[in-house]
Amino acid sequence: MLSNIRLYDARPDDAADLLRVHRAAIRSTAAGFYSPEIIAAWAPLPIPPEHVDALALRLDNGIEEAVVARAKGAGVVGFGSFVPGRRELRAVYVHPDYGRRGIGAAMLAALERRARKYGLRELVMDASLNAEAFYHRHGFVTENTGEHVLPGGLRMACIRMRKPLAAS
Ligand SMILES: CC(C)(COP(=O)(O)OP(=O)(O)OC[C@H]1O[C@@H](n2cnc3c(N)ncnc32)[C@H](O)[C@@H]1OP(=O)(O)O)[C@@H](O)C(=O)NCCC(=O)NCCS
């Protein structure tokens, strides 16, 4: 990973920056895999304030835990999160200007370390089609294909994946 990138635990007041990376990553990296309607529903712009508030609340009450990647002079360039109570890896997103430099892999490793501290023995997730190769590369196995229902009711294809976690 780049020497000017550092990983931190995300705080509730990082929520707006996290969602800016979320939008940029989806609208660039995932755009070739889904229809414009799906991309717009998955990554709506402008970012609704209630999305920021909801993420901040989930981070604040610990329902969702996130790591954030910051680049010197550029702020937040990536984040990843998981939901301990569901054993669910929720997201890994990297700003397209910082892709393929190992940031996603480093954040995933940090989330897995944290999941092990919770005593979790596996992580499950609904991966987007564009990200399946990334997760395969990092030990996730494909269970089956599925659909994720977006706010508003549109259905996006996804890949159900899981990864056993070795005991720490
Ligand atoms: C998926 C994502 C998080 C990967 O982040 P990243 O920082 O670019 O990934 P890394 O640099 O750590 O990649 C590590 C390895 O994973 C694999 N990989 C990553 N992206 C890949 C891609 N698009 N296609 C194939 N393999 C990929 C490669 O083996 C890569 O190693 P290499 O670059 O030496 O070949 C990023 O592309 C992204 O944010 N995508 C859009 C958002 C999204 O859909 N996230 C997943 C939601 S479930």
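Predicted model: local features only at pLDDT ≥ 70, side-chain atom pairs only at ≥ 80, totals over all residues.
Student: How many helices and strands does the chain have?

Tutor: Helices (H or I, at least four residues) and strands (E, at least two) are DSSP runs, numbered from the N terminus. Here the chain has 5 helices and 7 strands, and along the sequence they follow the pattern β-α-α-α-β-β-β-α-β-α-β-β. The radius of gyration, taken over C-alpha atoms, is compared with a globule rule of 2.2 Å times the number of residues to the power 0.38. For this chain the radius is 15 Å, close to the 15 Å that the rule gives for 168 residues, so the chain is as compact as a globular protein of that length. Its C-alpha atoms fill a box of roughly 40 × 40 × 30 Å along the principal axes.

Student: What share of the contacts comes from residues 24 or more positions apart?

Tutor: Two residues are in contact if their C-beta atoms, placed from the backbone, lie within 7 Å. Among contacts in the chain with a separation of 6 or more, 63% are between residues 24 or more positions apart.

Student: What share of the residues counts as buried?

Tutor: A residue is buried if 20 or more other C-beta atoms lie within 10 Å of its own, exposed if 12 or fewer, and partly exposed in between, with C-beta atoms placed from the backbone. By that criterion, 30% of the 168 residues are buried.

Student: Is I63 buried or exposed?

Tutor: I63 counts as exposed, because it has 12 C-beta neighbours inside 10 Å. I63 lies in the loop between α3 and β2. Leaving aside residues up to four places away in sequence, I63 touches R58, V83 and G85. The C-alpha atoms of I63 and V83 are separated by 6.0 Å, although these residues are 20 apart along the chain.

Student: What span should helix α3 have?

Tutor: The expected span of a helix is 1.5 Å times one less than its number of residues. Helix α3 (residues 49–61) has 13 residues and should span 18 Å; its end C-alpha atoms are 18 Å apart, which agrees. Just after α3, G62 takes a positive phi of about 80°.

Student: Which residues of α1 are buried, and what covers them?

Tutor: The buried residues of α1 are A15, L18, L19, V21, H22, R23, A25 and I26. Their cover includes α2 (36–42), α3, β2 (65–71), β3 and β4. Helix α1 has 15 residues and reaches 21 Å from its first C-alpha to its last, close to the 21 Å expected.

Student: Which elements do the buried residues of α4 pack against?

Tutor: They pack against β1 (5–9), β2, β3, β4, β5 and α5. The buried residues of α4 are I103, G104, A106, M107, L108, L111, E112 and A115. Just after α4, G119 takes a positive phi of about 85°.

Student: In which sense do β3 and β4 pair?

Tutor: Two strands pair if DSSP finds at least two bridges between them. Strand β3 (residues 75–83) and β4 are antiparallel, with 6 bridges, and F79 has Y93 in β4 as its bridge partner. The two strands form a hairpin with 4 residues between them, and R87 in the turn has a positive phi of about 55°. In strand β4 (residues 88–94), 5 of the 7 residues are buried, so β4 is largely enclosed by the rest of the structure.

Student: Which residues come nearest to the ligand?

Tutor: A residue is near a molecule or strand if its C-beta atom, placed from the backbone, lies within 6 Å of it. Of the 22 residues around the ligand, T29, G104, A105, A131 and A133 come nearest. Strand β4 gives the most to this shell, with 4 residues.

Definitions and conventions:
Residues numbered from 1 in each chain as written.
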